[in-house]
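Subject: Structure handover

Hello,

Here is the structure we talked about. Please open it alongside this email and look up each residue as you read.

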Amino acid sequence: LDKLVAVFPASTATLLGTKTAITASATSVNVNTSDTFTIAVTSESGSTTPTGTLTIDVDGGTTGGGTTAPAATLTASGTYVYSTQFTTAGTHQIVARYSGDSTHAPSTGVISITVTGTTSGTGTFTVAATNVTVAQGSTGISTVTITPKNAYTGTVFLTFATSNNTALANLCYGFTTTLANGDGSLAIPNTAAVTTQLQFDTKASDCVTGAKVKGSKRLMHRVALARTGTITPGDSAPAGVAFAGLLLAGFLGRYSRKFRSLAGVLVLASIGLGLSACGGVTKNTTTAAANPPKGTYTITLTGTDSTTATTTAQTSFTLVID
C-alpha cells in the first residue's frame, strides 16, 4: 500500500491564480511623448508574490503590425515598469502577458490609451503625390511627400477622394501608417520634408474592410463596399389573377356547398400566385466582387493637421488601371 501511495500521490498541486494589472502615467498623451506603464502581477490568494517574466505587446505585437518588447523579468515585488512613445495619433493598446512560474498560473493585462496629435500651432505644409499606373488585379504605390513651411511641426492626417467612387468601390488601399478609421497618419518632427506611401490594390478578392492583404503587413481598407443585392420589380399580372381567384373562391364557398372543396383549392392557388408576385420585390442576388475597371481616375489627397482642422493642404494625382 505504501508503494502504491508513493506511485499515485493523494493530490496534485494546483497553480495559484494571478492577476496582471497595467496602469499608465497618462491615459492621454501627445505623439512622440514618452508614457510609462507600471505592470503589477499579484496572486489571487494574496499570500505569495509571483516571479518570472512578462511579454509586452504594443498594438498587436509584431504579428499584428505593432511591436513586441524583449521579455521582462518581474522585480521582487512582482512589478515591472515599461516606457514607450507613439509616433501616430489614435487609440493604442498595451498587452502584458505573465508567463507564470512553478507556483503561479499565467495571466494577461490590457490597457488602451489615446494618443493625440501635437502641433507647433504655426506654419503650414504642402502635400504632393506621385502618379500611379497599375495592371488590373495588381498593386501600385504613390509616394506622398509633406513639406513643412514656416516652422510647422505636428501630425498630419491623410484622406483621399476618387473621381468615381462607384467604379472604384472594390479598390483597396493602405497608408504606411493607417489608423483604424482608414486615414493615414504622418508625423512632421522638424523642418525637413517627410514621405509616406499610399498603396492601391486593384484585386477585389485580396481584401475586405479592415483586413490585411495576403503577403502584406499593411492594413488595407476598401474604398466602399460594393452593393451585391438587386431588387427586381414585381409582376402585376400574377397579383391580379390571385386577387380574382380569391373573389371567385369566396363566391363559390358562400353560395354553393357543392363547390366548397373547389373553393379551397382556388384559395391555395391564389395565395401561391400572390407570393410569386410579391417575391420579385424582395429578391436578392449576390455576385462576386469585381475588380475595379480599367481606366484613368483622379485621386484628390488631403492633409489636415491633427489638432487644427483649418491647417490643411491638398493635391491631386492620377491612378491608371490598365
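Below are some notes on what was found in the structure.

This is a predicted model, in which local features need pLDDT of at least 70 and side-chain atom pairs count only at pLDDT 80 or more, while totals for chains, interfaces and linings use all residues. Residues are numbered from 1 along each chain as its sequence is written, and side-chain values use heavy atoms, with hydrogens and water left out.

Overview

The chain has three helices and 20 strands. Helices (H or I, at least four residues) and strands (E, at least two) are DSSP runs, numbered from the N terminus. Of the 322 residues in the chain, 36% are buried. Here buried means under 20% relative accessible area, exposed means over 50%, and partly exposed is in between, with a 1.4 Å probe and protein chains only. A contact means heavy atoms within 4.5 Å. Among the contacts in the chain with a separation of 6 or more, 68% are between residues 24 or more positions apart.

The cores

In soluble globular proteins, nonpolar side chains tend to be buried together. A nonpolar core is a set of buried Ala, Val, Leu, Ile, Met, Phe, Trp, Tyr and Cys residues joined through side-chain atoms within 4.5 Å. The largest one here has 28 residues, and those with the most contacts inside it include Ile146, Leu198, Phe200 and Leu319. Strand E20 (residues 312–321) gives the largest share of this core, four residues. Apart from it lies another core, of 21 residues, with Ile22, Tyr82, Ala96 and Ile111 among them.

What does Leu319 touch, not counting residues up to four places away in sequence? Its partners include Val132, Leu171, Phe200 and Ile299.

Strand E16

Strand E16 (residues 194–201) is mostly covered, as six of its eight residues are buried. Strands pair if DSSP finds at least two bridges between them. E16 runs antiparallel to E12, with eight bridges joining the two, and antiparallel to strand E14 (residues 172–175), with four bridges. Leu198 in E16 is the bridge partner of Ser142 and also of Phe175.

Asp201 lies in strand E16 too. Is Asp201 buried or exposed? Asp201 counts as buried because its relative accessible area is 0%. A polar atom of its side chain lies 2.8 Å from the backbone nitrogen of Lys203. Asp201 and Thr139 are 62 residues apart in sequence, but their C-alpha atoms are 4.3 Å apart in space.

Aromatic rings

Six aromatic pairs are found in a search of the whole structure. Rings of Phe, Tyr and Trp (its six-membered ring) pair if their centres lie within 6.5 Å; planes under 30 degrees apart count as stacked, over 60 as edge-to-face and the rest as tilted. Phe125 and Tyr152 form a tilted pair, at 5.1 Å centre to centre and with 50 degrees between the planes. Phe125 lies in strand E10 (residues 124–129) and Tyr152 in the loop between strand E12 (139–149) and strand E13 (154–162), so the pair ties together parts that are 27 residues apart in sequence. Both Phe125 and Tyr152 are buried. Elsewhere, ring pairs link Phe160, Tyr173, Phe175, Phe200 and Phe317 into a cluster.

The loop between E12 and E13 also holds Asn150. Asn150 has a positive phi of about 55 degrees although it is not a glycine. Asn150 counts as exposed because its relative accessibility is 62%.

His92 and Asp59

His92 is found in strand E8 (residues 90–98). His92 counts as buried, because its relative accessibility is 7%. Its side chain makes a polar contact of 2.7 Å with the side chain of Asp59. A polar contact is a pair of N or O atoms within 3.5 Å; within protein, one must be able to donate a hydrogen and the other to accept it, and residues adjacent in sequence count only if both atoms are side-chain atoms.

Asp59 lies in the loop between strand E4 (53–58) and strand E5 (67–68). Asp59 counts as partly exposed, because its relative accessibility is 28%. Its phi is positive, near 55 degrees, in a residue other than glycine.

Three strands form an open sheet in the order E1-E3-E7, with antiparallel pairing. Strand E1 (18–24) and strand E7 (79–84) are the edge strands, each pairing on one side only.

Regards
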